[in-house]
Amino acid sequence: MWYQMESMRIYLYILAGITSALIGWNIGEFLFTDIGLFETAQLKEIIIFPCVAISLAIGMVSNEILLTTPTRIKLCWRRIKQAIPIALGLGLGLGLVGGILFEILLRHGNLPSPIVRSFSWILVGIAVGLSEGLTWRWQSVEAGNKKRFRKRFINSLKGAGIASLIAALIFEIIRLFGNLSPVLRIIEEPIGFSLLGLSLGLTFSFTNSPSSVAALRAGTGFEYRDSFSNLNSSATIAVNYPWIDKSFLQIIGLSEENRIEEGLSIQLPSQGKIIIGSPNNKKAHICLPEVPIHVAFLELVERKVILKPNPQAYFSITINEEKLGPRENRALKHNDVITFYTVKDKIINHEKMYRFVYYNRFLDPQA
């Protein structure tokens, strides 16, 4: 299942890259050929490069937003509107620089066209990488982690530059064959920009992958209770509100926080075993007041998260409102709702519970 979703994600990125590049090229051709903008001066690249850069920047940013929150169209549209000015500005600016340098270096600098074209394409790729990296700052709670934001921004920038260079090199090889084939010579320009879009799309499908392998989003039962903050003893406070072991887990976007509150997501490690229990369990990584001292394990292995209930406390757990058996291990799926009921004297309190929603890495935990 995970491999199918990841493959679909890659296909969508590639499709978005190719489509955006071709849309930009067609707009540029329309402005240059049909409207005649700069046609008399034969400054075609000054039109084509900004159009392709803008189209790719907007297309790749929009694709990332739609993939992270595919079920929330209004939210996606609001984020896209916020991202368009940045993508438009960077695409226009660096696209113009690339087009102008192409004309100057090729016509007046006597440099070989493959070198000039490769340099200009790298500028287009950098425009796309900058747009994607900067706009992500406002698209995900993960970006609240400065280290994660910096790493992703650098990866997007480097990946875009390298991808553009590789696409340019492949395009120059195709042009060699174009000298032998008149058909290739006619369509070499759209083929080249398609290669640029494909290369950028493939690169971003990996550099933009969510950092967390899995996440648990807190729901019912994690409402904030201010009265607990008046307690003096730190040990007493730990007993009275749900919290995580910060040495092993972290709340996405709030790396220094250990208190679990409704709407926040707990980032899970890629592997290991997480103990869920009451604060009286000194080994617990997720502590929930009034649940059994050890209620369950979460075992993370090979991109899977398996819930293993304690045979002595299985009756206090449900997944999607379905009760578990005493030794029934359950591999969690995206959007599974896990409920832990509080227990007193081995009697379940159905009115007080803690609910998590499990998210896999295909979607941003904020979704």
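Glutamate 321 sits in the loop between β9 (317–319) and β10 (322–323). Strands here are DSSP runs of E with at least two residues, and helices are runs of H or I with at least four, numbered from the N terminus. The phi of glutamate 321 is near 70°, a positive value in a residue other than glycine. This is a predicted model: local features need pLDDT of at least 70, side-chain atom pairs count only at pLDDT 80 or more, and totals for chains, interfaces and linings use all residues. Residues are numbered from 1 along each chain as its sequence is written, and side-chain values use heavy atoms, without hydrogens and water.

Glutamate 290 also has a positive phi, near 75°. Its loop runs between β6 (286–287) and β7 (296–301).

| Residue | Phi | Relative accessibility |
|---|---|---|
| Glutamate 290 | near 75° | 47%, partly exposed |
| Glutamate 321 | near 70° | 51%, exposed |

Buried means under 20% relative accessible area, exposed over 50%, and partly exposed in between (1.4 Å probe, protein chains only).

Now the helix pair. Helix α2 (residues 44–68) packs against helix α3 (residues 73–107) at an angle of about 155°, with the axes 7 Å apart. Axes are lines fitted to C-alpha atoms, for helices over the stretch in contact, and angles run from 0 to 180 degrees between N-to-C directions. The two helices are therefore roughly antiparallel (over 145 degrees; under 35 is roughly parallel, 65 to 115 roughly perpendicular, the rest oblique). By class, their contact has 20 nonpolar, six polar and four charged residues. Asp, Glu, Lys and Arg count as charged; Ala, Val, Leu, Ile, Met, Phe, Trp, Tyr, Cys and Pro as nonpolar; the others, Gly among them, as polar.
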